[in-house]
Amino acid sequence: MALVNVAGTALKEPSKYNGSTSDIVDNGRNVQGVGVFDVIRTDVAKVEMEWNYCTCAEWSGILKLFNPQYGGAFINSVTFFDQCKNGYETRQMYVSDRKAGLVSLNADGSPKGWQNCSLSLIEV
């Protein structure tokens, strides 16, 4: 099984993988200056991935999963390895900024590939 699947598509194994779990908390202080916390939601997942190198086709294929113009979607069903569960979990997630650095150009001016390709998936 792939480490991460997006909308049923197995992603290339990332060079770096970071999982985080967050809680959404409404907080403030009362008139005595004591912290007052209201937990709104717990265990919100975030997955950060980076690939040292992707071919143009690999990176394009990943990006298209999140682009409605190419049949993808901003929010997808994502199966990932959950560090708390110590197993695979499927949740609805959206994609954050996607970035990659140009490796070099072919003689015709087209990119040869991409380096340090990264994105984050955040639970809705």
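The model is predicted, so local features need pLDDT of at least 70 and side-chain atom pairs count only at pLDDT 80 or more, while totals for chains, interfaces and linings use all residues. Residues are numbered from 1 along each chain as its sequence is written, and side-chain values use heavy atoms, with hydrogens and water left out.

Let's start with the inside. In soluble globular proteins, nonpolar side chains tend to be buried together. Here the largest nonpolar core has 19 residues, and Val4, Trp51, Leu119 and Leu121 touch the most other members. (A nonpolar core is a set of buried Ala, Val, Leu, Ile, Met, Phe, Trp, Tyr and Cys residues joined through side-chain atoms within 4.5 Å; buried means under 20% relative accessible area, exposed over 50%, and partly exposed in between, using a 1.4 Å probe and protein chains only.) At least two residues each come from strand 1 (4-6), strand 4 (35-54), helix 1 (56-64), strand 5 (75-82), strand 6 (87-95) and strand 8. Strand 4 gives the largest share of this core, with five residues. Helices (H or I, at least four residues) and strands (E, at least two) are DSSP runs, numbered from the N terminus. As for tryptophan 51, its contacts beyond four places in sequence include Leu11, Pro14, Trp59, Ile62, Cys117 and Leu119, where contact means heavy atoms within 4.5 Å.

Next come the charged pairs. The count comes to seven salt bridges, each being a side-chain nitrogen of Lys or Arg within 4 Å of a carboxyl oxygen of Asp or Glu. In one of them, lysine 12 meets glutamate 58 at 3.0 Å, N to O. Lysine 12 sits in the loop between strand 2 and strand 3 and glutamate 58 in helix 1, so this pair ties together parts that are 46 residues apart in sequence. Lysine 12 is partly exposed at 32%, and glutamate 58 is partly exposed at 31%.

Arginine 91 takes part in salt bridges with two partners. With aspartate 82, the closest N and O atoms are 3.4 Å apart; arginine 91 is buried at 15% relative accessibility, and aspartate 82 is buried at 5%. With glutamate 123, the N to O distance is 2.8 Å. Through shared partners, salt bridges join Arg41, Asp82, Lys85, Glu89, Arg91 and Glu123 into one network.

A polar contact of 3.2 Å joins its side chain to that of arginine 41. (A polar contact is a pair of N or O atoms within 3.5 Å; within protein, one must be able to donate a hydrogen and the other to accept it, and residues adjacent in sequence count only if both atoms are side-chain atoms.)

Strand 8 also holds serine 120, which is buried at 10% relative accessibility, and asparagine 116, which is partly exposed at 43%. Phi of asparagine 116 is near 50 degrees, a positive value in a residue other than glycine. Alanine 7, also not a glycine, has a positive phi of about 50 degrees. Alanine 7 is in the loop between strand 1 and strand 2 (9-10).
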